[in-house]
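Reader: I would like to learn how to read features from a model such as this one. Please take a feature at a time, with the general idea before the case.

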Amino acid sequence: MRWICWSLGCWLSLCVLASQVQADLFLDAFNKHHRVMLLIDPISGEIVRANPAAAAFYGYSIEQLQSMGIQQINLLSSVQVAAERQRAAQEDRNYFIFRHRLANGDERTVSVSSVPIRFQQRQVLYSIITDITDFRDAQDAVWHYQNNLEQLVGQKVAALEAAQRRRNMAYKTALLTAIGLVMALVMAVVYVRRQQLFLQRERQRLAEVIWGTGAGTWEWHVDEDIVTVNRRWCELLGYQAEQLSPLTTQQWQALCHPEDLSRFKERLRQHLSEQIDHLQCEVRLRHADGHWLWFMQRGKVVARDAQQRALRMCGTQQDISKRKALQYELEKQATLDPLTGLPNRALFADRLQQATLTAERKQWQLVVMFIDLDGFKAINDDYGHDAGDEVLRQTAERLRRSVRSSDVVARQGGDEFVLLMQEVHSRESVALVADIILDQLRQPFYLNQGATPSLGASIGIAMSPSGGAPANRLISLADRAMYAAKRAGKGIYHFAVEDDDPS
């Protein structure tokens, strides 16, 4: 009995030591990272931890930051913060745009990506802050400039058309009163031709102004279903003007990405029916080379008939591919593990939750494998942390090769990985995959120092009943089964049962 108590005490000490090592590794990476990072209490807003990059950015010392609340930095009120969170949900983005004040009084626009984590026995928000002040200022300037330009174009065109209508009326009146007077008729014809040339030059000048913005223009004659586009519009998609002008709406829809077309049609319908003042929608269009580009489409009806049916609509098209690429990069940084490129814990939890709902609906079985490397600490001790990072990258690649493309491999943290398999048909097929993974991870790892150490892995497997099981239950069972595999000698897999005991 005394020996059992001693063993249990040793085991608990090792667990505490492992937890402390993991926390130390996190803090080491947190403090050395060049990105601005904060750990924030989600309820009180207290800044629990700040890294040196945050101190350099905000101009406070780390101690000062850790004695402050995020409300002392964020210039938005609670109502404005709630509105920003609502906008982020509507736009389906997982980052927020706030205004932060630095120690010297400067104000900066920042993008904040946050995920909940457990740190030192408390729940905190792990937040990455990116300064996007210059980008937002430039974006706002372009938008306001283009918006004002579009209004100017509409006003100019309307004024020119009104002037043309007045000139035509004057011409008709003059013609009726000057019958027989050939000279007067000739002078009237010359006058009209000069005015037409003036109108043509004005349109050309306006087209050149729009060209300077880098945007393409289009004009849709609704009753004829003809879309006329300018040369810049065509060049943005890699075409010659003769290839695309004029267009029909069916030809334009063939260029539009299927996932964006229904959204664009709905916005267009709302504008044509006067539910919204103007059309504004982001869509992807296929370039002549075959790749997709993102464009901001803006337009407005400029002519309606007596029944208020749209007759003519004008608009612009602007390439926003770089902005979308930046947005995608920010989203990727918040959801992918930076070392291995695998989904991180937060993204895996989301994928597992979605898979659970699908399994319940389609009566599928799900499998969660919890994979822990055996002997990984010795790699760091013997060869250094760079070698340990290389082993983790090679492990991630081997796991990818061992499973189906539809399966999800993620890194939980440290040397722990997790695998989600959907639509599983038998326990034997799961065991086969586990054997493949164990065989892959037994192969030597090739390090830059020339060393080829070998490791192993212990795998815990949890299978949901047909129709699914709670996501957190599957992860818990797989984790406990992995510890059972460790106790049974390591280098093996173990299927979870309800009475698995991690102690």
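Predicted model: local features only at pLDDT ≥ 70, side-chain atom pairs only at ≥ 80, totals over all residues.

Reader: What joins the side chains of Arg232 and Glu235?

Author: Side chains of opposite charge can pair when their charged atoms come close. Arg232 and Glu235 form a salt bridge, with an N to O distance of 4.0 Å.

Reader: By how much of a helix are Arg232 and Glu235 separated?

Author: An α-helix has 3.6 residues a turn, so residues three or four places apart point the same way. Arg232 and Glu235 are three residues apart in helix H7 (residues 231-236), which means that about one helical turn separates them.

Reader: Which residue forms a salt bridge with Asp337?

Author: The partner of Asp337 is Arg411, and their closest N and O atoms are 3.2 Å apart. Asp337 sits in the loop between helix H11 (321-335) and H12, while Arg411 belongs to strand E12 (residues 408-413), so this pair ties together parts that are 74 residues apart in sequence. Asp337 is buried at a relative accessible area of 12%, and Arg411 is buried at 14% relative accessibility.

Reader: Which parts does the salt bridge of Lys486 and Asp372 tie together?

Author: The closest N and O atoms of Lys486 and Asp372 are 2.6 Å apart. Lys486 is in helix H16 and Asp372 in strand E11, so the pair links parts 114 residues apart in sequence. Lys486 and Asp372 are both buried.

Reader: How many salt bridges does the structure hold?

Author: The structure holds 27 salt bridges.

Reader: What does helix H16 pack against?

Author: Start with which of its residues are buried. In H16 these are Ala471, Leu474, Leu477, Ala478, Arg480, Ala481, Met482, Ala484, Ala485 and Lys486. The buried residues of H16 pack against H12, strand E11 (367-374), strand E13 (416-421), E14 and strand E15 (493-495). H16 has 17 residues and reaches 25 Å from its first C-alpha to its last, close to the 24 Å expected at 1.5 Å a residue. Just after H16 comes Gly489, with a positive phi of about 125°.

Reader: How far does H12 reach from its first C-alpha to its last?

Author: The comparison is again with the span expected at 1.5 Å a residue. Helix H12 (residues 345-362), with 18 residues, reaches 25 Å, close to the 26 Å expected. Its buried residues are Leu347, Phe348, Leu352, Ala355, Thr356, Thr358 and Ala359.

Reader: What is found at the start of H12, and what follows it?

Author: At the start of H12, a side-chain oxygen of Asn344 comes to within 3.2 Å of the backbone nitrogen of Ala346. Gln363 follows H12, and its phi is positive, near 60°.

Reader: Where is Ser464, and is it buried or exposed?

Author: Ser464 is in the loop between strand E14 (456-463) and helix H16 (471-487). Ser464 counts as buried because its relative accessible area is 1%. A polar atom of the Ser464 side chain lies 2.8 Å from the backbone nitrogen of Leu366.

Reader: Which residues form a nonpolar patch on the surface?

Author: The patch consists of Val182, Met183, Val186, Met187 and Val190, with about 490 Å² of accessible area together. Met183 is in helix H6 (residues 182-212), and Met183 is exposed, at 60% relative accessibility.

Reader: What are the totals for the chain?

Author: The chain has 16 helices and 15 strands. Of its 503 residues, 42% are buried. Among contacts between residues at least 6 apart in sequence, 54% join residues at least 24 apart. The chain exposes about 28200 Å², with 54% of that supplied by carbon and sulfur atoms.

Technical notes. Residues numbered from 1 in each chain as written. Heavy atoms only, no water. Patch = residues over 30% accessible without salt bridge, like charges linked within 9 Å, V, L, I, M, F, W, Y side chains within 5 Å. Areas by Shrake-Rupley, 256 points an atom, 1.4 Å probe, with all protein chains shown as cover. Helix = DSSP H or I, 4+ residues; strand = E, 2+ residues; numbered from the N terminus. Buried < 20%, exposed > 50% of the residue type's maximum accessible area, 1.4 Å probe, protein only. Polar contact = N/O pair within 3.5 Å; in protein donor to acceptor, adjacent residues only side chain to side chain. Contact = heavy atoms within 4.5 Å. Expected span 1.5 Å × (residues − 1).
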